[in-house]
Amino acid sequence: MTDLVVLLGVPVERSLSPTLHNAAFREQSVDAVYLACRVEAGRLGDAVRGLDALGATGANITIPHKEAVVAHCASVSPEAEATGAVNALVRGHAGWIGHNTDVAGFLAPLAGRDLTGLDATVLGAGGAARAVVYALLSAFAPSRVTLASRRPEQAERLAADLAPHDPIGALSISPLSEAPSARLVVNATPLGMYGMEDQTPFPRADLGAGQIAYDLVYRPRETRFLREAATSGAETIGGLPMLIGQAGAAYRLWTGRDFPMDTARQAALAALSDA
Ligand code: NAP
């Protein structure tokens, strides 16, 4: 029987996840289908129980449900526990197991670099920033991580929630307009994405050689933030490797197989060029 994997969120119409996963299922002859389902706030519990009744293999969870879905999990992974957010459900013996594969996805394009003790600035303090900050703390033991957001209370909450993972007190907060430059500057706001292409969360040209500008936005592939950073000599990383990395980590949980990265990347690029 064909296995079912779904994406639950609002909006989901422009998500690349069905493209990535269905291309991978085809490539590896896995008898499964991935569907995006629009689930409004307030219907999440019904949707998750419905998936259980249907015998679904798993799910991805996106905005606005990543935090609320924790209440519907029988258990959660350490990453999901630390970030308070779940983006993938896997069927377990006692119910759904919640995972946060955004953490592994964020780290994927940074693999193989010695970033131990780095200083970093994270722009934005929403759900994705939580995965980014936890990933930085757990992978690199950073000397400093500045959380720069337009609402200081949001960054303060993030810093307080992740304090147990910050043994040296590396986390500090700053207004977005005063975000300091750093070895690694990460955009975890939607500024620069499709519909806001002329905007950037980091309007100063003080990134240069030896620094990395990392934008979680993947549509467009090159945002204003990345374009300006590249012009002043910094290395740039767009959001597509993270998207593929988080998808790959979830795919391994559902199927036990390695994700066919090249196939997924080609499928994503084709979909982005059609958009
Ligand atoms: P979110 O939970 O809504 O958080 C967004 C953050 O950006 C919040 O701190 C928000 O502040 C801030 N923000 C929004 N609009 C802003 C503006 N006009 N000016 C300044 N700050 C603003 O969203 P998220 O899930 O963290 O996602 C953030 C971005 O990362 C999105 O573009 C998303 O597509 C991208 N993302 C990419 C991947 C990937 O795999 N590449 C994975 C996850 C997310 P307020 O709360 O004050 O609005």
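Predicted model: local features only at pLDDT ≥ 70, side-chain atom pairs only at ≥ 80, totals over all residues.
1. Residues are numbered from 1 along each chain as its sequence is written, and side-chain values use heavy atoms, with hydrogens and water left out.

2. Is alanine 120 buried or exposed? Alanine 120 is buried, at a relative accessible area of 0% (buried means under 20%, exposed over 50%, partly exposed in between, with a 1.4 Å probe and protein chains only).

3. Now its surroundings. Leaving aside residues up to four places away in sequence, alanine 120 touches Leu136, Arg144, Val145, Thr146, Ala182 and Leu184 (contact is heavy atoms within 4.5 Å). Leucine 184 is 64 residues away along the chain, yet the two C-alpha atoms are separated by 4.7 Å.

4. Next, a helix pair. Residues Ala129, Arg130, Val133, Tyr134 and Leu137 of α5 meet Arg157, Leu158, Asp161 and Leu162 of α6. By type, the residues of this contact are six nonpolar, no polar and three charged (Ala, Val, Leu, Ile, Met, Phe, Trp, Tyr, Cys and Pro count as nonpolar, Asp, Glu, Lys and Arg as charged, the others, Gly among them, as polar).

5. Zooming out, the protein chain has nine helices and twelve strands. Of its 275 residues, 51% count as buried. Its C-alpha atoms fill a box of roughly 55 × 40 × 35 Å along the principal axes.

Definitions and conventions: Helix = DSSP H or I, 4+ residues; strand = E, 2+ residues; numbered from the N terminus.
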